[in-house]
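I opened a new page for this structure. These are my notes on what I looked up, entry by entry.

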Amino acid sequence: MRTLIRNGRIITAIDDYYADILIDGEKVAVIGQGLSDESADAVYDATGKLVIPGGIDPHTHFDMPFGGTTSADDFDSGTLAAAFGGTTTIIDFAIQTKGESTFAGLEAWHRKASGKAHIDYSFHMIVTDMPVSRLPEMRGLADEGITSYKLFMAYPGVLYVDDGTLYRAFRQAGENGTRICMHAENGIVIDEIIREAVNAGHVSPAWHAKTRPTRMEAEGVHRAIAIAEVANVPLYIVHLSSADALEQVKLGRMRGVDVVAETCPQYLFLDDSVYEHAPPWQGGHRHADPFEGAKWVMTPALRQRGNQDVLWQGLKLGFISNVATDHCPFCFKEQKELGRDSFTKIPNGAPGVENRMALIYHGAVTEGRLDLNRFVEVTSTAAAKRFGLFPKKGTIAVGSDADIVIFDPDREETISVSNPHTHHMKVDYSAWEGFKVKGYPDTVFSRGRCVVHKGEQKASGGGQFVKRALVGSVLR
Ligand code: URP
Ligand code: ZN
Ligand code: ZN
């Protein structure tokens, strides 16, 4: 199958020019001006549109058992929603069951994804214990293409690991040429704050945020950086949410530590007022039912508004390398409801895999905070480079996978659970209900297959597991 994309404005992390792209099979074969359509089986006219690398979301949780239930999107619905939103690669999190082999966790996630995904995918491994006897598994995982690991300072008794485990895993990951992803929040102190709040009778969703101070995120980031520095491993702070925490990343980088952070659209656009009030674009009225705030119970919690400008600035200057979603959806009616009696039982997480590209384009380009190249970098290229996918993914170049989005910079959409253009996620609410964006993906190719065109699904399945390269290596 040969596909020609004509007359587009091609934007990569460094380029901006007008040309045609010939896709041959799964790869970009030719980029040039005035390419003939004689040998093409399909032709797409991109006049007036941007042609960008498919988005890469390195932080999703599909089909994940968590908080007494399982996240609402599986690899079928989640990857289809991602494609509709212009994302063509996701990196999800396989989980090691405590005391068991990490390979068993990896196998379980392969079974969840295999044959279901509509776009390409990989996994980070969530490490929940790492005795010395198990350390060799980490090299085995790297051989399987799992070149990054997530560890948690949060969620004591569930995913939390102690500092000794952090150090052991960090050392081994560094020696293997792999990367550590860190959920950096002091979960031990936070649990004490939660105990005090609950004892005082504070159980509404708003207390989720009040019991998770930004200082406890900053402390976690500081500690993770210090351990990574001593263990000599590249560090990636996931879902960084606050100015306090970003300050620690800046200090670490200025000392020469290889640390970067990701943030998420929710921390760039939303603030903690939504736990008690409707979002500003809905009018900001007090929720009639205080439990409505459960829709945004996620960890880290949403922060005070003043953090947002600092995070955008961090993204502009490169202290924050990229934007992921931490897509972890739970239906409001049946799943968030588990915590109606107490915020401590609300499953943590919110949907967003479908909305990331449009939200970030809107905030970055439409509203003038970042330029087009940086938009591509933070939504695709940086994640490809950090996580061993580049240059197979994350750019438009001859020989790269034809993961390409034709993006209409003028298309306006109102994000809503009832808008068939913006909601394919299997969850009964949108965290962005009523938010208006300018700029939206029209056509999405995954390794040359047109998956979405003008709001319609054009292909099904075909997503493949991608074995990722070691830090500093390239993937072809
Ligand atoms: O609330 C969240 N973020 N849920 C998913 C688990 C995590 O910490 O990433
Ligand atoms: Zn996390
Ligand atoms: Zn997460």
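**Entry 1: the metal site**

I started with the metals: the zinc ion (ligand 2) and the zinc ion (ligand 3) are 3.9 Å apart. I keep in mind that this is a predicted model.

Next I looked up which protein atoms hold the zinc ion (ligand 2). Its protein donors are Lys150 through NZ, His183 through ND1 and His239 through NE2. They lie 2.1 to 2.3 Å from the ion. I wrote down their spacing along the chain as K-x32-H-x55-H.

Lysine 150 sits in strand E11, residues 148-152. Histidine 239 sits in the loop between strand E13 (235-237) and helix H8 (243-254). The two are 89 residues apart, so I noted that the pair links distant parts of the chain. Are lysine 150 and histidine 239 buried or exposed? I found both of them buried.

**Entry 2: the whole chain**

I counted 12 helices and 19 strands. Along its principal axes, the C-alpha trace spans about 75 × 55 × 40 Å.

How much of the chain is buried? I noted 62% of the 476 residues. The chain exposes about 16,700 Å², and carbon and sulfur atoms supply 50% of that area.

I also checked how far contacts reach along the sequence. Among contacts with a separation of 6 or more, 75% join residues 24 or more positions apart.

Then I looked at charge. The chain has 50 positive and 60 negative side chains. The centres of these two sets lie 2 Å apart.

**Entry 3: valine 444**

Valine 444 belongs to strand E17, residues 435-446. Its relative accessibility is 1%, and buried means under 20%, so valine 444 counts as buried.

What does valine 444 touch, beyond its neighbours within four places in sequence? I listed its contacts, among them Ala83, Gly86 and Thr88. Ile404 and Val405 are also included, as are Arg449, Cys450, Val451 and Val452. I checked phenylalanine 84 too: it is 360 residues from valine 444 along the chain, yet their C-alpha atoms are separated by 7.4 Å.

**Entry 4: backbone exceptions**

Most peptide bonds are trans, and most residues other than glycine have a negative phi.

I noted a cis peptide bond between threonine 299 and proline 300, with omega about -5°. Proline 300 is in the loop between helix H9 (265-269) and helix H10 (307-317). Another cis bond joins phenylalanine 390 and proline 391, with omega about 0°. Proline 391 is in the loop between helix H12 (372-386) and strand E16 (404-415).

Then I turned to phi. Asparagine 7 is not a glycine, but its phi is positive, about 65°. I found asparagine 7 in strand E1, residues 2-11. Its relative accessible area is 39%, so I marked asparagine 7 as partly exposed.

Asparagine 232 also has a positive phi, near 60°. Asparagine 232 lies in the loop between helix H7 (214-231) and E13. I marked asparagine 232 as exposed because its relative accessible area is 62%, and exposed means over 50%.

Methods:
Residues numbered from 1 in each chain as written. Chains lettered and ligands numbered in written order. Predicted model: local features only at pLDDT ≥ 70, side-chain atom pairs only at ≥ 80, totals over all residues. Heavy atoms only, no water. Helix = DSSP H or I, 4+ residues; strand = E, 2+ residues; numbered from the N terminus. Buried < 20%, exposed > 50% of the residue type's maximum accessible area, 1.4 Å probe, protein only. Contact = heavy atoms within 4.5 Å. Areas by Shrake-Rupley, 256 points an atom, 1.4 Å probe, with all protein chains shown as cover. Lys, Arg positive; Asp, Glu negative; His and termini not counted. Charge placed at Lys NZ, Arg CZ, Asp CG, Glu CD. Donors = N, O, S within 2.8 Å, 3.2 Å for Na, K, Ca; no water.
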